[in-house]
Amino acid sequence: DAYVDYMDLMLLDWYEAYGVTFSGAQKIAADLNGDGKVNANDKIALDAYLNFEYEIDQATGTVVEL
């Protein structure tokens with residue numbers, strides 16, 4: 001939906017816990033640390049972003065510490 005919010009965090013929970021499937025583009029967007037996997041580390045990074053501890057570099061799609 002073009003907004004990064006707590007719904008995205010919930011979707012990462014569902015992906016990890018219930019096997020919700022993501023499209024290719026969704027997997028790329030969800031891989032916040034750029035390691036090629038969508039897992040708990042991405043969820044931690046997204047939570048930190050939502051709590052204003054990190055930023056997401058829009059050019060690279062990676063998470064950077066403030």
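This is a predicted model: local features need pLDDT of at least 70, side-chain atom pairs count only at pLDDT 80 or more; totals for chains, interfaces and linings use all residues.
Local features require pLDDT of at least 70 and side-chain atom pairs pLDDT 80 or more, whereas totals for chains, interfaces and linings use all residues. Residues are numbered from 1 along each chain as its sequence is written, and side-chain values use heavy atoms, without hydrogens and water.

The largest nonpolar core has 10 residues: Leu9, Leu12, Phe22, Ala30, Leu32, Val38, Ala45, Leu46, Leu50 and Ile56. Such a core is a set of buried Ala, Val, Leu, Ile, Met, Phe, Trp, Tyr and Cys residues joined through side-chain atoms within 4.5 Å; buried means under 20% relative accessible area, exposed over 50% and partly exposed in between, with a 1.4 Å probe and protein chains only. At least two core residues come from each of α1 (6-18) and α3 (40-50), and α3 gives the largest share, three residues. Helices are DSSP runs (H or I, at least four residues), numbered from the N terminus. Beyond its neighbours within four places in sequence, Val38 has contacts (heavy atoms within 4.5 Å) with Leu12, Tyr15, Phe22, Lys27, Ala30 and Asp31.

The axes of α1 and α3, lines fitted to C-alpha atoms over the stretch in contact, with angles from 0 to 180 degrees between N-to-C directions, come within 10 Å and cross at roughly 165°. The two helices are therefore roughly antiparallel, a term for angles over 145 degrees. Tyr6, Asp8, Leu9, Leu12, Asp13 and Glu16 of α1 meet Ala40, Asp42, Lys43, Leu46, Asp47 and Leu50 of α3.

Asn41 also lies in α3 and, at 44% relative accessibility, is partly exposed.

Definitions and conventions: Angles under 35 degrees count as roughly parallel, over 145 as roughly antiparallel, 65 to 115 as roughly perpendicular and the rest as oblique.
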